[in-house]
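This briefing goes through one structure, topic by topic. Keep the sequence and the 3D view at hand while reading.

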Amino acid sequence: MYARIIGTGSYLPENVVTNADLEQKVDTSDEWIRSRTGIRERRVAAPGETTGDLAVHACRKALEAADIDPASIDMLIVGTTTPDVVFPSTACLIQQRLGLGECGAFDVNAACSGFIFALSIASQYIQTGACKRVLVVGAETLTRILDWGDRSTCVLFGDGAGAVVLQADPEPGVLSTHIHANGAHANLLHVEVGVSKGFLPEERGGMSVKMKGNEVFKVAVNTLGRIVDETLAHNKMDKHDLDWLIPHQANLRIIKATARKLDMPMDRVIVTVDKHGNTSAASVPLALDEAIRSGRIKRGDNMLLEAFGGGFTWGSALIRY
Ligand code: ACO
């Protein structure tokens with residue numbers, strides 16, 4: 001049995017924040033942001049609009065596209081680092097709103113790799129026959145944990161959600177998933193406060209993303225190069241067998257480096273970072289949904305999904321659509 005994608009959906013908050021808007025807040029420029037990252041604009045959730053709200057919109061669209069009864073879903077997994085509340089999990093909070101019944105529902109925290117980690121779990125449950133249908137979501141409101149006075153991070157992130165419905169099928173499907181983590185350099189990209197450690201007062205930074213961007217950049221390029229090799233070798237595939245690359249949307253230069261390694265022209269790479277910024281766990285399913293709905297990705301195409309994020313965590317999925 002394989003886990004096959006039978007529906008995708010995504011959602012972006014309405015509020016668009018452009019680079020020009022950020023020029024008013026911090027000492028930055030549209031030129032710097034575009035040339036270093038490829039980002040032109042990002043979405044920011046409205047006050048009161050939560051990760052769960054974004055996820056519900058994306059899931060409803062995915063369920064509609066799959067054309068199935070929501071109650072037939074056996075498991076709901078939400079990849080997120082920005083849950084609505086400490087507990088219940090965001091998955092529990094949205095389960096009833098979606099009419100999913102009493103299926104297993106939980107969150108996965110793997111920062112920007114959250115969707116790939118969730119997809120990997122879902123795929124194992126389907127392959128073993130334990131589940132027939134799993135709803136996998138990546139949803140974030142990263143803008144809630146940004147220091148809007150720190151130009152090195154506040155220009156990079158945005159909010160959004162993406163979802164896929166996976167169903168057991170004898171035809172592929174998810175061919176393989178690969179997940180990794182290494183906490184040795186946790187301090188290069190982190191939120192250094194939390195429930196158990198405690199929170200800092202607002203004047204000392206509150207709760208915000210801290211990143212040594214250029215060091216993360218080097219590790220990301222190197223690590224993504226390695227996981228691409230691992231994924232192809234596992235499937236005894238050549239890079240030229242791939243039809244599409246759907247990368248984590250953190251930085252256009254990182255995306256281009258991975259595409260170069262795969263000898264893949266940029267018209268075979270799904271790029272949304274210009275409009276979405278880095279939406280963390282939502283970035284891959286957002287890009288996937290956009291590419292499927294626009295008709296670019298067709299049934300039978302081979303696509304490589306990859307992500308890298310805080311932890312560090314990284315992962316990939318090779319999928320025949
Ligand atoms: N506007 C203008 N100047 C800026 C800005 C800004 N927004 N931000 C930083 N600068 C300045 C710096 O202060 C520095 O100035 P200095 O030379 O006078 O000290 C200069 O620009 C260069 O800074 P670098 O950090 O070296 O810039 P770099 O080219 O590395 O680009 C960036 C920074 C875009 C953050 C890049 O390093 C990057 O994309 N890193 C990887 C991010 C990533 O992949 N994260 C993983 C996922 S995120 C997650 O898991 C939550």
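Predicted model: local features only at pLDDT ≥ 70, side-chain atom pairs only at ≥ 80, totals over all residues.

Glycine 173 lies in the loop between strand E7 (159-169) and strand E8 (174-181). The peptide bond that leads from proline 172 to glycine 173 is cis, with omega near -15 degrees.

**Backbone geometry**

- A cis peptide bond also runs from phenylalanine 87 to proline 88, with omega near 0 degrees. Proline 88 sits in the loop between E4 and helix H4 (90-95).
- Aspartate 67 has a phi near 55 degrees, which is a positive value in a residue other than glycine. Its place is the loop between helix H3 (51-66) and E4. Aspartate 67 counts as exposed because its relative accessibility is 68%, and the cut-off for exposed is over 50%.
- Aspartate 263 is not a glycine either, yet its phi is positive, at about 60 degrees. This residue belongs to the loop between H8 and helix H9 (273-276). With 47% relative accessibility, aspartate 263 counts as partly exposed.

**Strand E4**

- Is strand E4 enclosed or open? Five of the five residues of E4 (residues 75-79) are buried, so the strand is largely enclosed by the rest of the structure.
- Both faces of E4 are covered. Met75, Ile77 and Gly79 are buried on one side, and Leu76 and Val78 are buried on the other.
- E4 is joined by five bridges to strand E5 (residues 104-108), and the two run parallel. Within this pairing, valine 78 stands opposite aspartate 107 in E5.

- Glutamine 249 is in the loop between strand E11 (244-247) and H8. Glutamine 249 counts as buried because its relative accessibility is 0%, and buried means under 20%.
- Which backbone atoms does the side chain of glutamine 249 reach? A polar atom of this side chain lies 2.9 Å from the backbone nitrogen of threonine 272. The side chain also reaches the backbone nitrogen of valine 273, at 3.0 Å.
- Threonine 37 is part of helix H2 and, at 3% relative accessibility, counts as buried. A polar atom of the threonine 37 side chain is 3.0 Å from the backbone nitrogen of isoleucine 39.
- Threonine 128 lies in the loop between helix H5 (114-127) and strand E6 (133-141). At 64% relative accessibility, threonine 128 counts as exposed. Its C-alpha atom is separated by 14 Å from that of serine 176, which is 48 residues away along the chain.

**The ligand and its surroundings**

- There are 27 residues around the ligand, and Thr28, Arg36, Cys112, Asn251 and Gly310 come nearest.
- A polar side-chain atom of threonine 28 is 2.6 Å from a nitrogen atom of the ligand. A polar backbone atom of arginine 151 is 2.9 Å from a nitrogen atom of the ligand. An N or O atom in the side chain of arginine 253 lies 3.3 Å from an oxygen atom of the ligand.
- Taken alone, the ligand exposes 1000 Å², and the protein buries 74% of that.
- Elements that give two or more residues to the shell include helix H2 (30-37), helix H6 (151-154) and strand E12 (302-309). Helix H7 gives the most, with four residues.
- Sorted by class, the shell has 13 nonpolar, ten polar and four charged residues.
- Domain 1 (2-171) and domain 2 (175-320) each supply at least three residues to the shell.

Notes: Residues numbered from 1 in each chain as written. Heavy atoms only, no water. Near = heavy atom within 4 Å. Polar contact = N/O pair within 3.5 Å; in protein donor to acceptor, adjacent residues only side chain to side chain. Areas by Shrake-Rupley, 256 points an atom, 1.4 Å probe, with all protein chains shown as cover. Nonpolar A, V, L, I, M, F, W, Y, C, P; charged D, E, K, R; others polar. Domains from an automatic or database assignment. Buried < 20%, exposed > 50% of the residue type's maximum accessible area, 1.4 Å probe, protein only. Pairing = 2+ DSSP bridges.
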